[in-house]
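This report concerns the pairing of charged side chains in one protein model. Please examine the sequence and the structure shown below before reading on.

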Amino acid sequence: MDNSDDARSALIVGAGIAGLTTASALARRGWRVEVVEKGDEGVPAGWGLNLTGPSLRALDGLGLADQCLAAGYGMSVITNVDANGVASRIELPRLLDDRRPAMAGIARPELHRILRGEASRLAVPIHYGLSVRLLEHRDGRTHAELSDGSARTVDLLVGADGIRSVVRDLIGRPAPVRYHGQMAWRALVPRPGWATSIHTFAGTGQQAGIVPISPSLAYVFLTENGVQRDVLPEAELASRMEELLAPFTGLIAEARPQVARSDAVIRRPVQTVFVDTSWSDGTSVLVGDAAHAPSPQMASGAALAIEDGLVLAEELDRYDDVRKALESFTDRRRERCSVLVKTSVAIARLEQEHRHRDSYSLIETCHLRMAQPA
Ligand SMILES: Cc1cc2nc3c(=O)[nH]c(=O)nc-3n(C[C@H](O)[C@H](O)[C@H](O)COP(=O)(O)OP(=O)(O)OC[C@H]3O[C@@H](n4cnc5c(N)ncnc54)[C@H](O)[C@@H]3O)c2cc1C
């Protein structure tokens, strides 16, 4: 890494998947990078996520795919079981090479440990408990005032602060967060022996499934349809999720007692954001969920976030003028991210209309499209 004084400087707001991968992509190219994160040093809640092929491919671009595969659970097949118990299989393309699996389930704390470890290896400081409260353009750079009263003037400001982005508003790119009438549940459970890849189950009213995230752990997911956006007491989550699983028969029913005993259950609204206008203003830019948050159904928000970091770094290599690089970044990313967000919204609708077969084929088509290079 080039840390010379004339290195270009970047301030990244948010130490989530987008912020940490963008930080590494820039630091590897000699940028002087700092990250501010409003949360504390604790890693995100103990549930998992699925790193699809494009996620793994982008992580490979940062030299991190093998670490993620080692810490997670590699797999290449999704088995969809419909409401009549009929199973169909989707074999996903292996985007790394024939030896490595198409995707991997991983615990979020493991992924964050790997991403933070890489930032630390590249000497990128992460300041916790810190946010940004004002952004201004000054002489072709961005001046940021932080919540502790300190200030930075940098060549590039990256808003990687998630679906409720403050940077989005500060740079004048407001976008509505849309709720789609579903709540997404996740419960961490011991991995059942049969769960060697992703399984989904279409119930009469909801859909559920299981994703292995290590040889010993998996998460059960459930999407609750037609509900108001509300918050339930944490102490009730495990028993409520168990109740919602009651109508399911077959293999997923075996996981119900484990869900009831799980001490790591979360429930999140299914919501999306897409910034229709440019994602940049001057030398500030949005990445990840701050610019384009799909609903969880496509399991691809992380893929888009990691790709953003790589593509942004490539465009900044191509142009000396940061503003031009940011415009070119938005141009390269807009269509791909828009397709994914729109597809995830369509799947949420199909699920609520109980058109599961249509949703399976849409998911498969979208995964194949996402397999094309970013
Ligand atoms: C239930 C659920 C399941 C999902 N499953 C999958 C999956 O299986 N596979 C997949 O690819 N994607 C999945 N996703 C989507 C994925 O989690 C997101 O797309 C991804 O986390 C986006 O990363 P991000 O860094 O842009 O945002 P975030 O992960 O939200 O990170 C934003 C960070 O910025 C910080 N921050 C926020 N505001 C400020 C501020 N003002 N100042 C400083 N810091 C700030 C936050 O504390 C956080 O650390 C799922 C999403 C949900 C809700």
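Arg355 has a relative accessibility of 40% in this predicted model, so Arg355 counts as partly exposed, lying between the limits of 20% and 50%. The side chain of Arg355 meets that of Glu353 in a salt bridge, with 2.9 Å from N to O. Glu353 is likewise partly exposed, at 38%.

Side chains of opposite charge can pair when their charged atoms come close. The structure holds 29 salt bridges.

| Pair | N to O distance |
|---|---|
| Glu353 and Arg355 | 2.9 Å |
| Arg267 and Asp230 | 2.9 Å |
| Arg141 and Asp155 | 3.1 Å |

Where in the chain do the partners Arg267 and Asp230 lie? Arg267 belongs to strand β17 (residues 265-274), whereas Asp230 is in the loop between β16 (217-225) and α6 (237-245). Arg267 is buried, with a relative accessibility of 11%, while Asp230 is partly exposed at 37%.

The salt bridge of Arg141 with Asp155 also links distant parts of the chain, 14 residues apart. Arg141 is in strand β10 (residues 141-146), and Asp155 is in the loop between β11 (151-154) and β12 (156-159). Here Arg141 is partly exposed, with a relative accessible area of 30%, and Asp155 is buried, at 18%.

Salt bridges may also join into a network: Asp60, Asp66, Asp97, Arg99 and Arg100 are linked in this way.

Definitions and conventions
Residues are numbered from 1 along each chain as its sequence is written. This is a predicted model: local features need pLDDT of at least 70, side-chain atom pairs count only at pLDDT 80 or more; totals for chains, interfaces and linings use all residues. Side-chain values use heavy atoms; hydrogens and water are left out. A salt bridge is a side-chain nitrogen of Lys or Arg within 4 Å of a carboxyl oxygen of Asp or Glu. Helices (H or I, at least four residues) and strands (E, at least two) are DSSP runs, numbered from the N terminus. Buried means under 20% relative accessible area, exposed over 50%, partly exposed in between (1.4 Å probe, protein chains only).
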